[in-house]
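Dear colleague,

I am passing this structure on to you, together with some notes on what was found in it. Please look it over first and then read on.

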Amino acid sequence: MSESNMNGAMNSEKFAALVEEIKQRDSHRKQSRSGQQQSHSSRKDHSFIKADNAMDSQDVECIEYRDQALKDCVLEEKEGLSQEALTTQLLAEAQREEEKAREWHYWRERAMNFLIRREHSEVELRQKLQQRQCPPALIDPIIDWLYGERYLSLERFAYSYSKNRADLGYGPIRVRYELAQIHRISEKDIKAAFKEINWRNARAIAERKVGKKEGAKYYAALYRRGFSGEMIVEDDF
C-alpha cells in the first residue's frame, strides 16, 4: 500500500472514531437527562443530595455546544485544511469545552456545600466564592442557578438568621439593621421572618446576659443588644 493510501486510511479511521465518540456522547446525554428528570421529580425544596456523576442543564449545555461544534466540523468541508489538522483542531476544542464543564461543576458543588452547612445570603455566598478564587465569570451564573433550584433563598436566610440572633439575646432593632445593611435583605423578607420570632423570649435571654444593672445602664445595655423601652410592642416589628 502506498504512503498516501496509508495516510488516507489512518485519517478515515480517526474520523470514524470521532463520529462514534459523538454518538456515544449523545447516548450518554440522553441517559443523563432521564436520570435528572427522575431526580428533580423526587427532590424537595431543601434537599441537598450530591450526585457527582449527575449532569445538570449547564453541564448538558456545555456538552451540546462541544458536540455540535464537532458535528459541524465533521460534516462541513473545510477548504485547505487536512484531515489530520482538522482532527487535531476538533480534539482541542472538545478538550476546552470539557474543561469548562468540569470547572462549572466544581464551583457549583463548592457553593452548594456552603449552603448544606447553613443558610447564606447572596452577599455571604459571593464573598466566599471570591475569597476562594472562583473565576469571576462563573459567580453570576452559579448564583442564578442556585436561586432557580431554590438552594439559595433570602426568605429562608432571613428567618434562620433572625432566629439564631434572637436565641443569642439580640433584639429586633439590631437584627433588622444587620439583615438590611450587611446582608441586603428586603424589608418584605425581614417582616416575614420577624413574625415567626419570639422577641419576648429574646429579651428575656438578653436580660440574663446583661445581668443586674440599674437605671440608665440597664436600658443602655439592652439597647446595644437591639431592644428599646421596658416592653416589646408587636407593632414595632
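Residues 24 or more positions apart account for 69% of the contacts in the chain with a separation of 6 or more, where contact means heavy atoms within 4.5 Å. This is a predicted model, in which local features need pLDDT of at least 70 and side-chain atom pairs count only at pLDDT 80 or more, while totals for chains, interfaces and linings use all residues. Residues are numbered from 1 along each chain as its sequence is written, and side-chain values use heavy atoms, with hydrogens and water left out.

The chain has 10 helices and zero strands, so that its pattern along the sequence reads α-α-α-α-α-α-α-α-α-α; helices (H or I, at least four residues) and strands (E, at least two) are DSSP runs, numbered from the N terminus. Of the 237 residues in the chain, 38% are buried, and here buried means under 20% relative accessible area, exposed over 50%, and partly exposed in between, with a 1.4 Å probe and protein chains only.

Next, the cores. In soluble globular proteins, nonpolar side chains tend to be buried together. A nonpolar core is taken as a set of buried Ala, Val, Leu, Ile, Met, Phe, Trp, Tyr and Cys residues joined through side-chain atoms within 4.5 Å. The largest such core has 21 residues, and the members that touch the most others are Val175, Leu179, Ile185, Phe194, Trp199 and Leu222. Two or more residues each are given to this core by α6 (154-167), α7 (172-182), α8 (187-194), α9 (199-210) and α10 (215-224), and α6 provides the largest share, five residues. Apart from this core lies another, of 17 residues, which includes Trp107, Ala111, Met112 and Cys134. Leu179, when residues up to four places away in sequence are not counted, touches Phe157, Ala158, Tyr161, Ser162, Arg184, Ile185, Ile190 and Phe194.

How do α6 and α7 meet, and which residues take part? Phe157, Ala158, Tyr161, Ser162 and Arg165 in α6 meet Arg174, Val175, Glu178 and Leu179 in α7. By class, this contact has five nonpolar, one polar and three charged residues, where Ala, Val, Leu, Ile, Met, Phe, Trp, Tyr, Cys and Pro count as nonpolar, Asp, Glu, Lys and Arg as charged, and the others, Gly among them, as polar. The axes of the two helices come within 10 Å and cross at roughly 145 degrees, the axes being lines fitted to C-alpha atoms, for helices over the stretch in contact, with angles that run from 0 to 180 degrees between N-to-C directions. The crossing of α6 past α7 is right-handed, the term for a near helix turned clockwise from the far one by less than a right angle, with anticlockwise giving left-handed.

Ala166, in helix α6, is buried with a relative accessible area of 3%, and beyond residues up to four places away in sequence, Ala166 touches Ile197, Trp199, Ala202 and Ile205. Ala202, in helix α9, has a relative accessible area of 0% and is thus buried; leaving out residues up to four places away in sequence, Ala202 touches Ala166, Gly169, Tyr170 and Phe227. Ala202 and Arg165 are 37 residues apart in sequence, yet their C-alpha atoms are 8.5 Å apart in space. Asp189, in helix α8, counts as buried because its relative accessibility is 15%, and, its neighbours within four places in sequence aside, Asp189 is in contact with Leu154, Glu155 and Ala158.

Two loop residues have backbone angles to check. Most residues other than glycine have a negative phi. Gln133, which is not a glycine, has a positive phi of about 65 degrees, and Gln133 is found in the loop between α4 (122-131) and α5 (136-148). Arg184, also not a glycine, has a positive phi near 55 degrees and is found in the loop between α7 and α8. Gln133 counts as exposed at 62% relative accessibility, and Arg184 counts as exposed at 58%.

Finally, the record. UniProt, in an unreviewed entry, places the feature "domain: RecX first three-helical" at residues 108-146; its positions are given in the numbering used here, feature names are shortened, and annotations may be inferred rather than shown by experiment. In the model, this span is 79% helix and 0% strand, and its end C-alpha atoms lie 8 Å apart.

Best wishes
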